[in-house]
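Hi everyone, and thanks for making time for this. Please have a look at the structure on the screen, and I'll walk you through a few spots in it.

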Amino acid sequence: FMNWINKYPNRGYGGMFFGWILSKKKEPYGSKGNGSAMRVSSVGWLYDTEEDVLREAKRVSEITHNHIEGIETAQAVAMCIYLSRIKKSKEEIKEYIEDKFKYDLSKTVEQVRDTYEYSELAINTVPQSIICFLDSNSFEESIRNAVYLGGNADTLAAITGSISEAYYGLDEEIWEKAKGYL
């Protein structure tokens, strides 16, 4: 992991994470940040049971985000992707996440927007990203929801997009246009 970071040192890492990279101490630093939730999407695609998804999401998160909030938020994202991939309904996904992680997902994007503020904490990003997905009818709309919230919009959109792609699929026209911008 550290070799990879050293190979790509200027990739927009968060402040705490970048401080950790530069430090001599290479143990996890108890982060509650949203980094593990942003990088966990492959776990939801690669594993085929709830137990495996939860275990592997914890394992990949603990490298840096070993605080329970850093772990559980990553597990929630991975489970949303897994449940979407196995064709669960939005209501089933919502009920599972609310029950397992105790998130309040009852609000609409409009209701979240009224009080949403920028935060790098995963607990202030992941439930809101899930709401952006739940309160949408397409991949594009879910991303628009995430950007509409403002605040940490790039993180919200990254997490929302990873869930939405598993649920809706990815429109090839949108993908081609995005690649053109890149």
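Let's begin with one serine: the side chain of S162 reaches the backbone oxygen of I159, at 2.8 Å. Please keep in mind that this is a predicted model. Where does S162 sit? You'll find S162 in helix α11, which covers residues 153-168. Is S162 buried or exposed? Its relative accessible area is 13%, and the cut-off for buried is under 20%, so S162 counts as buried. If we leave out residues up to four places away in sequence, S162 touches S41, V77 and I81.

Now let's stay with α11 and look at a helix that packs against it. Helix α10, residues 139-149, packs with α11 at an angle of about 160°, and the two axes are 8 Å apart. How do we describe that arrangement? Angles over 145 degrees count as roughly antiparallel, and therefore α10 and α11 are roughly antiparallel to each other. Their crossing is right-handed. Which residues make the contact? From α10 we have F139, S142, I143, A146, V147 and L149. On the α11 side, the residues are A153, L156, A157, T160, G161, S164, E165 and Y168. Sorted by class, the contact of α10 with α11 has nine nonpolar residues, four polar ones and one charged one.

Next stop, helix α12, which spans residues 172-181. How many of its ten residues are buried? The count is zero, so to speak of cover here, α12 is hardly covered. At its N-terminal end, α12 is capped by D171. A side-chain oxygen of D171 lies 2.7 Å from the backbone nitrogen of E173.

Finally, two lysines in loops. K87 is in the loop between α6, residues 68-85, and α7, residues 90-101. K87 is not a glycine, yet it has a positive phi of about 70°. How accessible is K87? Its relative accessibility is 69%, so K87 counts as exposed.

The other lysine is K102, found in the loop between α7 and α8, with α8 covering 109-115. K102 also has a positive phi in a residue other than glycine, with a value near 60°. Its relative accessible area is 63%, and since exposed means over 50%, K102 is exposed.

Conventions:
Residues are numbered from 1 along each chain as its sequence is written. This is a predicted model: local features need pLDDT of at least 70, side-chain atom pairs count only at pLDDT 80 or more; totals for chains, interfaces and linings use all residues. Side-chain values use heavy atoms; hydrogens and water are left out. Helices (H or I, at least four residues) and strands (E, at least two) are DSSP runs, numbered from the N terminus. Buried means under 20% relative accessible area, exposed over 50%, partly exposed in between (1.4 Å probe, protein chains only). A polar contact is a pair of N or O atoms within 3.5 Å; within protein, one must be able to donate a hydrogen and the other to accept it, and residues adjacent in sequence count only if both atoms are side-chain atoms. Contact means heavy atoms within 4.5 Å. Axes are lines fitted to C-alpha atoms, for helices over the stretch in contact, and angles run from 0 to 180 degrees between N-to-C directions. Angles under 35 degrees count as roughly parallel, over 145 as roughly antiparallel, 65 to 115 as roughly perpendicular and the rest as oblique. A crossing is left-handed if the near helix is turned anticlockwise from the far one by less than a right angle, and right-handed if clockwise. Ala, Val, Leu, Ile, Met, Phe, Trp, Tyr, Cys and Pro count as nonpolar, Asp, Glu, Lys and Arg as charged, and the others, Gly among them, as polar.
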